[in-house]
Amino acid sequence: MKTSKIFFLLILSLSLAFMLVGEDFDWSKVEIKDTKLNEGIYMFEGMGGNMTVLCRDSEALIVDGMFPPLFEKIIAKIESLGGKKIKYMINTHIHDDHIANNPNFRKAGAQIIAHENLKKRLTEKGRTDFLPDVTFKDEKVIDFHGIKVRLIYMPSGHTDTDIVLFFDDLKVVTMGDLYFARRFPYIDLKQGGSVKGFIKNNEKLLSEIPDGYKIVPGHGPLSTKEDLKNDVNVLKETIGIIQAKIDNGLSEEEILKEGLPEKYKNWEWQFINTERWIKIIYSDLNKK
Ligand SMILES: [Zn+2]
């Protein structure tokens, strides 16, 4: 089985994914790359969602946690950057490539914080090991060694469990999977996501993020506000194209056959190709 296929399944189903990954995927090849964003704050890239790591006075606050086979490497990297104890772990949303290490980080002493919908959905699924210790509804502010961290709930977008984090003192925003940089996004319609909500949230954030901030996307490279603006425009264009076809009475099959103009081809990636992006848009916008 190809890595792309495995990655696809990985995100969709954790238990199934680990069985698959165990067979084919070589976790030892995954390296955790850290990029310094400002004093004591880093973006981590590896496998799964990007992480944000803030270190102060030998403690760390981390955002998301990738997958269990990477746990030791992540811990080692955080320690090398000065985070001897992980005080907080914050989940941007419910997907496994962000929360699968919750039990491990909890064991390591971290308090896990997430939106109340994440707890509700995980409870319904019976996944009690992954539950956050602390939840909030609209907004929560953490004072981490004098650094103010604002956790803001965003309504239905990528899922209905999404939060974004503002590190205003350090001019950094972490957007979780409300931002897939330079690629088509995944919108999880079965867990409260919404195509229109996704765009609306992005536009709201564009109006709120000050110029000069560094933006950590859930997937893809470190970005600027200008990048986010361009990327949102591309998504709006593609959604507009599909909407027009729906309005003209085309079926899903016909729309898939026509596809999108060639210039959007490089927005495809291993997880979301053009076909999948069209299907997400179609099934959401065609809802009566
Ligand atoms: Zn996600």
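1. Helices (H or I, at least four residues) and strands (E, at least two) are taken here as DSSP runs, numbered from the N terminus. The model is predicted, and local features need pLDDT of at least 70, side-chain atom pairs count only at pLDDT 80 or more, while totals for chains, interfaces and linings use all residues. Residues are numbered from 1 along each chain as its sequence is written.

2. Asp64 sits in the loop that links β4 (59-63) to α3 (71-80), and its phi, near 65 degrees, is a positive value in a residue other than glycine. For context, most residues other than glycine have a negative phi. Asp64 is buried because 29 other C-beta atoms lie within 10 Å, where buried requires 20 or more such atoms within 10 Å of the residue's own, exposed 12 or fewer, and partly exposed a count in between, with C-beta atoms placed from the backbone.

3. Lys171 counts as partly exposed because it has 16 C-beta neighbours inside 10 Å.

4. Strands β8 (residues 139-144) and β9 (residues 147-153) run antiparallel and are joined by 6 bridges, pairing being assigned if DSSP finds at least two bridges between two strands. Within this pairing, Glu139 has Ile152 of β9 as its bridge partner. The two strands, β8 and β9, form a hairpin with 2 residues between them, and His145 in the turn has a positive phi of about 50 degrees.

5. Strand β9 is also joined to β10 by 4 bridges, again in antiparallel orientation, and Leu151 has Leu165 of β10 as its bridge partner.
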